[in-house]
Each structure stands twice: as C-alpha cells, then as structure tokens.
Amino acid sequence: MGENARTCCRRSCPTIATSYYVQAESAARGGIWLTTIDPDTTPRRLAGSAAQGIPAGGRLLIEVDGALAARSIDLDEARLTGPSVVLTTRVGHGPIGQLLATASDDVVIAAPPRSELRELVWMSRRGERLGTLGAPGDIWRVRIAGDGRRVLATMLDPLLRTLDVVLFDGLSLMPTRVSLAIDADDTPVWSPDGRRVAWVSGGRTVTIRGAGAVLPSEMVTRFDEPVQVSDWTPDGTALVVARRMPGTREDLWLVPIATPEQATPLVETPFADVQGVLSPDGRWIAYASDESGRWDVYVEPVRDRSPGPGTRERVTSGGGSDPRWSRNGRELFFRRGSGIHVATPALGRGRNVAATTSMVLETELEPRSFDVTPAGDRFLFNLPVGGTPEPAVLIVNWPRS
C-alpha cells in the first residue's frame, strides 16, 4: 500500500482530509481513498486508479486512462464531483503507483509515461558498445556466469505479470526460464562452477535449481522475514543472504545449503547492509551500507576466514553500490549513478593504507543493474531502450484552465 498524505481544505469547510493510495489485487480494494483526521471517520474510496491522487487547488488530480485529470472533491460526502478537466493527455506512474506529477494551487508539472522496455547492453572497459543480449523486455537484475558468457536475469512476464529468473546462453535470442513458481522470483546468483542457480521466491524462500533448467527446483529454506540472495561461497557450500532483522534492518548472513538451520551472521550493524559479495579466496566480503547516510561500499574480513587482523574498510566516500570482485580479487568494481568505478581495497594491509578508486566508464543513461565479467574486461548493463525521453509538461493557472 502506498500513501499520499496531503491536506485538502476548502475555505467554506474546515474539514481536513487525507487522500491515500491502495495497491491491491482486488479492484474493489485498490484505488484512491479519503479519510479525515476525525478518528470516527470511516475511509471512503474515491476512485479506482493505477496511481495515487494529488490534492491541490481544492481538487484532486488523478490518472484516467493515461491522462491527468482534475476533479472537485466534496469532503462532506467524501466523493468526487463535477466533470473531469483533462490537464494533459499523457502522464506516467511508477511501479508502486507513484503518479509522475506534482502540483501547487496554480502550477502543475507532469511527466509522460516511461517505457518499461529495457535492453541488456555489452560494453568494453573503454566504454565501447559491443552489442546487446536477447530482446528488449521489462528486465531487472543481471548476473554473469564464471564463464563470462551466460547471463542470469529477472524479467517480468508480459502475460502473467510475474517476475521470473531466466538464463541467456549467449547463443539464442530467447532466454530459458529457470524459475517456475508463480511468486516473484528475484536476486539470482550463479554457483562457482556455473552448474546451479540460487534465487529467492516470493521474497522469503531460498531456492536452487540446475542451470540447465532440467531437474526440478529445490527449496533450501524459508525465512519469516524478507531476504535477498547476493552471492555463493567459493567452495559452493553456502549462500550469502541479506536478511531483514528486527532492530538492525538488513544484515548479511551465511546460509549453509546442506544445513540452513545453522545460518550465521556475517555483517551485523544498526544500518542496512546489503549486496554482500565474497572475494574469490573467500576471505573478504564487500557490501553496500547506508551507514554514512547514503549508500557506500565497505569491505571487511570474513569471520573465521580472515588472513589476520584486519579492520572494516570504507571503500567509497562519494557513494557507491553493487560491488563486484574481479577474478584475481585485486579489483572491486562498483556503481555510482551512471558511472562504473574500480577500487583497489587495502584488504588489511594496515590502517594507513587507503583504498584507491578511479572511473572506468559512464553510460549515457543510468542502468537499473549491471555486472562485470570475471576478467574485468566487459560490462553488461540493463539500460532503457534508446530514445530521448519526452519532456515534462508545465501547466500554469491550471484551476482556471
């Protein structure tokens, strides 16, 4: 459920009301609702909609069949009144109902719909475009296998609207579906030998299947809280999982595949620690944390596997996420906006040895996700399908327009 808490007031009525948006499978439950600050008020559904409403100028701005329209609000009756005044014929919304518009009592700014189509683009370390992988689609995460050729991705099925794990073998245009559940399947990772795939189904069930998608999938364990798989240990015996814990937000845990009940914490802080990836020798873990107030990349020794005394190291100072190790463990790639950077972590060589970072390449559009081949010579980006985005629309004096 997404909420849009605004105050709707009329000079002739002191009633103060709040509109909010509900995203639900039931059409009767979803849409835009209205309630007041009076605790005895029963919320009333104003309209069905695929996006939130924006109260402004004594009216409610809503999306109607792709257009942005304004309707008057009767707060006493908790309903929309009068005709719809179309402000622009094209307005977009986000995946959880965020209307791509903002408004004051006299100005409206609205952005057109964004294309959901994405493409997987190979680039060299020099930023040269080397080609695309597969056909465009609603693609989310990508992970490259150890052979540098096969790729796992999560894609939204256009008919069932389910998020599935698929595999591109580098030869066929069409991917092979790896996950079979109707639930959302996400955060896929490769086993070190490239023979198995692990992912999370339904946000809580850790699942494994052979990369050939022949044998049935196997459930490793199910958590009570939301989890994400981010890596596989180099020896293939355990998975790195980001686990949402009460009181400490996300922590990183090591989950043995054969004995998942013996899961142990790897990184525990009061902050969100996610995207944990192990160095090729299994001695270090790199991850993203919001400890600094924004996402930055950190590295620390893995408990019981450290080569000696070491300290937690903050690798980035200007923001960073999605760390990826090179095959030799000397380079650590990460993303900052549309730029890919590489760092050389100190890795316990002393408190006075600082990590060095440099820009590798920058994409024209910000990628949704990326990965790098083990050799560190090619990058795969999940980018919007080409084309210049349509400009936003500015409307002034809109209540009188």
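Start by selecting strand 25: five of its six residues are buried, so the strand is largely enclosed by the rest of the structure. Buried here means under 20% relative accessible area, with exposed over 50% and partly exposed in between (1.4 Å probe, protein chains only). Strands are DSSP runs of E with at least two residues, helices are H or I runs of at least four, and both are numbered from the N terminus.

Before you click on: this is a predicted model, in which local features need pLDDT of at least 70 and side-chain atom pairs count only at pLDDT 80 or more, while totals for chains, interfaces and linings use all residues. Residues are numbered from 1 along each chain as its sequence is written, and side-chain values use heavy atoms, with hydrogens and water left out.

(Two strands pair if DSSP finds at least two bridges between them.) Val-277 sits opposite Ala-286 in strand 26. Five residues separate the strands of this hairpin, and Gly-282 has a positive phi near 75°.

**Zoom out.** The protein has zero helices and 35 strands. Its C-alpha atoms fill a box of roughly 75 × 50 × 45 Å along the principal axes. Of the 401 residues, 50% are buried.

**The largest pocket.** Select Arg-141, Gln-228, Gln-275, Asp-322 and Arg-368: of the 26 lining residues, these are the closest to the pocket's centre. The volume is about 690 Å³, counted as the space filled by probe spheres set on grid points, which are joined across faces, edges and corners. On a 1 Å grid over the protein atoms alone, a pocket is an open set of points where a 1.4 Å probe fits, with protein on both sides within 12 Å along at least five of seven lines; lining residues have an atom within 4 Å of a point.

Which strand gives the largest share of the lining? Strand 13 does, with four residues. Strands 13, 17, 21, 25, 29 and 33 each supply at least two. Colour the lining by type and you get 12 nonpolar, six polar and eight charged residues, where Ala, Val, Leu, Ile, Met, Phe, Trp, Tyr, Cys and Pro count as nonpolar, Asp, Glu, Lys and Arg as charged, and the others, Gly among them, as polar.

**Out along strand 13.** Now show the open sheet with the order 13-14-15-16, paired antiparallel. Strand 13 and strand 16 are at the edges with a single partner strand each, so one side of each has no neighbour in the sheet. Inside it, six bridges join strand 14 (residues 151-156) to strand 15 (residues 163-168); Ala-153 has Val-166 as its bridge partner.

**On to strand 33.** Ser-369 and Asp-371 point one way, Phe-370 and Val-372 the other, and all are buried. Strand 34 (residues 378-384) pairs antiparallel with strand 33 over four bridges, and Phe-379 is the bridge partner of Val-372. In the turn of this hairpin, Gly-376 has a positive phi of about 75°.

**Last stop: the largest nonpolar core.** Select Val-206, Val-229, Trp-232 and Leu-239, which have the most contacts inside this 17-residue core. A core is a set of buried Ala, Val, Leu, Ile, Met, Phe, Trp, Tyr and Cys residues joined through side-chain atoms within 4.5 Å. Apart from it lies another core of 15 residues, including Ala-51 and Leu-68.
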